[in-house]
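The sequence and structure come first.

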Amino acid sequence: MAKLTTIDVKYLVPVVLALSLLGAYADRENLWDVALAIACGIFAYGLTRFGFPIVTLVIGFVMGRLVERAFAQSLQMSLDPFIFFKRPISLLLFALLVLVFVMPLVRRFLATRRRAA
Amino acid sequence: MMGRLTFNLLLLVGAVYFVWSATDFDRQARQIPLLIGVMVLVLQAWVTFKAVTAGDALAAEETSEEPPPLDEARKVAAVCGWMGLYFVLFALIGTLPATFLFILAFLLMQPDVRWWIALAVSIATSGAIWLLFVRLMRFELYPGVLFGGTLPPL
């Protein structure tokens, strides 16, 4: 099985390409899904090429539907759009989210100050 | 540099379209899409702005570490062409013949691949697909427009 990793890339490319596009077709048996998979491949190449992380996109794509459903469910159950700021766990998660956004900016600001000093 | 800027502008247009299409929804239904869309729009506008302002530094980085853009663009165009060819074959003659012909043609175009190896790989792959999808999973592969298949609506 380990020998598989030594196969020359030129043999793997057409086989993997064909199998992945066939997989795109097999999901809904729709021909246009193959075209969509090709378009998504080109788009993903652009993302990788220009420094956008693919992993976060995939996580968002996979988790997005679940999160959206849970979000709508919470809103319907509470009838209060601020419910996420009133419960401790969600409040903590929001605080962490804000921290994730703010920390790089703070770090950069501190680094600039240190360099200036 | 131009590629990066163009790609960022493309994403910005996508974000604008997302917000614009959300405004067509009912008042209740558009709240969340608008909230997410505006956030994405602002972040993408920021990234695009950074791509414009930091253009020279990024261009220097690109030329020093990565292959020449023309060579890379040629390779990308070649792969896109191959994928396009596979799609056309898939639509016209169906899954199995398209897979067989695509792999065979791809391998024969490579400089140091013998014809019988190309033939063996394409037969093996098509055979494995037939065995797995048709025989074991009872899956109906696309027959192709020329052999009775119909193009589904877009």
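The side chain of S122(B) reaches the backbone oxygen of A118(B) at 2.8 Å and that of L119(B) at 3.0 Å. A polar contact is a pair of N or O atoms within 3.5 Å; within protein, one must be able to donate a hydrogen and the other to accept it, and residues adjacent in sequence count only if both atoms are side-chain atoms. This is a predicted model: local features need pLDDT of at least 70, side-chain atom pairs count only at pLDDT 80 or more, and totals for chains, interfaces and linings use all residues. Side-chain values use heavy atoms, without hydrogens and water.

**Around S122(B)**
- S122(B) is buried at a relative accessible area of 0% (buried means under 20%, exposed over 50%, partly exposed in between; 1.4 Å probe, protein chains only).
- Leaving out residues up to four places away in sequence, S122(B) touches F100(B), I103(B) and L104(B) (contact means heavy atoms within 4.5 Å).

**Interface of chain A and chain B**
- Chain A contributes 31 residues to the contact and chain B 42 residues.
- About 3300 Å² is buried between the two chains, 80% of it on carbon and sulfur atoms (accessible area, 1.4 Å probe, that two parts lose on being put together, summed over both).
- Of the area that chain A buries against chain B, L31(A), W32(A) and F50(A) supply 20%, more than any other three residues.
- Two salt bridges are counted between the chains (a side-chain nitrogen of Lys or Arg within 4 Å of a carboxyl oxygen of Asp or Glu).
- R49(A) forms a salt bridge with E72(B), with the closest N and O atoms 2.7 Å apart.

Notes
Residues are numbered from 1 along each chain as its sequence is written. Chains are lettered from A and ligands numbered from 1 in the order in which they are written.
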